[in-house]
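Work through the exercises below with the sequence and the 3D view open. Try each task before you read its solution.

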Amino acid sequence: MKRFSCAELVESVTAYLEGDLDPAERRGFDEHVRCCTSCAHHVSTMRATVDALGGLPAEPPLPPGARARLLDAFRRARRP
């Protein structure tokens with residue numbers, strides 16, 4: 001089982017929510033979330049954001065490439 005630091009969890013949350021972690025990584029991620037209230041809150045917030053925005057069309061109304069730029073900006077802002 002992979003052990004996650006808080007920074008690694010933040011970097012991996014999108015893959016987790018999309019089901020892209022392998023089973024050992026997923027177990028490590030879940031274990032960290034069970035033990036870390038801060039990361040549990042982050043995952044919960046990200047899940048709520050994805051659920052709330054998931055129904056919006058990617059394009060249009062967003063101009064081409066805007067989604068990728070927004071995701072990149074969010075990732076950079078979340079780095080410790």
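**Exercise 1: Arg-3**

At 66% relative accessibility, Arg-3 counts as exposed, because exposed means over 50% relative accessible area, buried under 20%, and partly exposed in between (1.4 Å probe, protein chains only). This is a predicted model, in which local features need pLDDT of at least 70, side-chain atom pairs count only at pLDDT 80 or more, and totals for chains, interfaces and linings use all residues. Residues are numbered from 1 along each chain as its sequence is written, and side-chain values use heavy atoms, with hydrogens and water left out.

Task: Where is the place of Arg-3?

Solution. Find the segment before helix 1; Arg-3 is there. Helices are DSSP runs (H or I, at least four residues), numbered from the N terminus. Now go to Phe-29, 26 residues from Arg-3 along the chain. The C-alpha atoms of Arg-3 and Phe-29 are separated by 7.3 Å.

**Exercise 2: His-32**

Task: Does His-32 count as buried or exposed?

Solution. Start in helix 2, the place of His-32. His-32 has 15% relative accessibility, so it counts as buried. Next, list its contacts (heavy atoms within 4.5 Å). Leave aside neighbours within four places in sequence: His-32 then touches Phe-4, Ser-5, Cys-6, Leu-9 and Cys-39.

**Exercise 3: Helix 2 and helix 3**

Task: At roughly what angle do the axes of helix 2 and helix 3 cross?

Solution. Axes are lines fitted to C-alpha atoms, for helices over the stretch in contact, and angles run from 0 to 180 degrees between N-to-C directions. The two axes of helix 2 and helix 3 come within 5 Å and cross at roughly 115°. Therefore helix 2 is roughly perpendicular to helix 3. The cut-offs: under 35 degrees is roughly parallel, over 145 roughly antiparallel, 65 to 115 roughly perpendicular, and the rest oblique. Then check the residues. Phe-29, His-32, Val-33 and Cys-35 in helix 2 meet Thr-37, Cys-39, Ala-40 and Val-43 in helix 3.

**Exercise 4: Helix 1 and helix 3**

Task: How far apart are the axes of helix 1 and helix 3?

Solution. Take helix 1 (residues 6–17) and helix 3 (residues 37–53): their axes are 10 Å apart, at an angle of about 30°. So helix 1 is roughly parallel to helix 3. Helix 1 brings Cys-6, Leu-9, Val-10, Val-13, Tyr-16 and Leu-17 to the contact. They meet Cys-39, His-42, Val-43, Met-46, Arg-47 and Val-50 in helix 3.

How values were computed. Helix = DSSP H or I, 4+ residues; strand = E, 2+ residues; numbered from the N terminus.
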